[in-house]
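Subject: Structure for you to look at

Hello,

Here is the structure I promised to pass on. Please open it and keep it in view as you read my notes below.

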Amino acid sequence: EISRVFGKHLAFVVLVRHPLDVVISVRDWCQKSESYPPELHPYIQQDSHPLTAFARAWVDVTRRLLDLSRAQAERVFFLRYEDLVADARTQMQRLLSFLGLPWSDDVLEAPLESEPDGFGDWKTWGMQHIERDRVGRWKQLSTTTITELAAIVNPLIHAVGYESIEEADIPTEEDALRRYLIALRLQAISSPKDQLPGASDP
């Protein structure tokens, strides 16, 4: 419908970010606002673990963006958040060139000097510069959580320019119980008899 109305004047800017950093960012927003955005309600209702719910939402949204990129390839400008943070000037020059707009240093300065409009990330309020430490925060997650999220996002992660996330070999509850029982038996075998509970001299 939008394409029909605007025709050749229409362009799409598709900004993507590492999926697990998206999960972390959404988590922070939800904790700060003490609520879930309406768009996430179906995912939260289907998944009791918020982080995996956010990862599934990322997959669905990203799949739609990729479909758009294929259907409207000549009108889509694809940009990674990490590239924008690393070199905002170069990436914004590329974007304005794609849009057929002239370059101005105000493009970099004005957004940081004015208050954001509408719904957005609360962290942008009062921000004075681009914060590069926002990249890679997902690596602080536990190995178990990373592995759970990787299983969800890995099938799509290459399509948006990221490397697969390593999935650790996480033991099941049954495996953990078996290892615990084996450890108890080994401890009993290696312990002196007089240190065993209930043991007494003949």
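First, a term you will need: contact means heavy atoms within 4.5 Å. Also note that this is a predicted model.

Start with helix 4, residues 50-71. Helix 4 has 22 residues. Its first and last C-alpha atoms are 32 Å apart, close to the 32 Å expected at 1.5 Å a residue. Several of its residues are buried, among them Leu51, Phe54, Ala55, Trp58 and Leu66. What covers the buried residues of helix 4? The cover includes strand 1 (12-16), helix 2, helix 3 (41-46), strand 2 (76-80) and helix 8 (143-157).

Now take helix 2, residues 19-33. The axes of helix 2 and helix 4 come within 9 Å and cross at roughly 125 degrees. The two helices are therefore oblique to each other. The crossing is right-handed. On the helix 2 side, Pro19, Val22, Val23, Val26, Arg27 and Cys30 take part. They meet Leu51, Phe54, Ala55 and Trp58 in helix 4. Of the residues in this contact, nine are nonpolar, none is polar and one is charged.

Next, look at helix 3, where tyrosine 43 sits. Is tyrosine 43 buried or exposed? Buried means under 20% relative accessible area. Tyrosine 43 has 17%, so it is buried. Beyond its neighbours within four places in sequence, tyrosine 43 is in contact with Ala53, Arg56, Ala57 and Asp60. Tyrosine 43 and arginine 56 are 13 residues apart along the chain, and 7.3 Å separates their C-alpha atoms.

Best wishes

Key: Residues numbered from 1 in each chain as written. Predicted model: local features only at pLDDT ≥ 70, side-chain atom pairs only at ≥ 80, totals over all residues. Heavy atoms only, no water. Axes fitted to C-alpha atoms, helices over the stretch in contact; angles between N-to-C directions. Helix = DSSP H or I, 4+ residues; strand = E, 2+ residues; numbered from the N terminus. Parallel < 35°, antiparallel > 145°, perpendicular 65-115°, else oblique. Left-handed = near helix turned anticlockwise from the far one by under 90°. Nonpolar A, V, L, I, M, F, W, Y, C, P; charged D, E, K, R; others polar. Expected span 1.5 Å × (residues − 1). Buried < 20%, exposed > 50% of the residue type's maximum accessible area, 1.4 Å probe, protein only.
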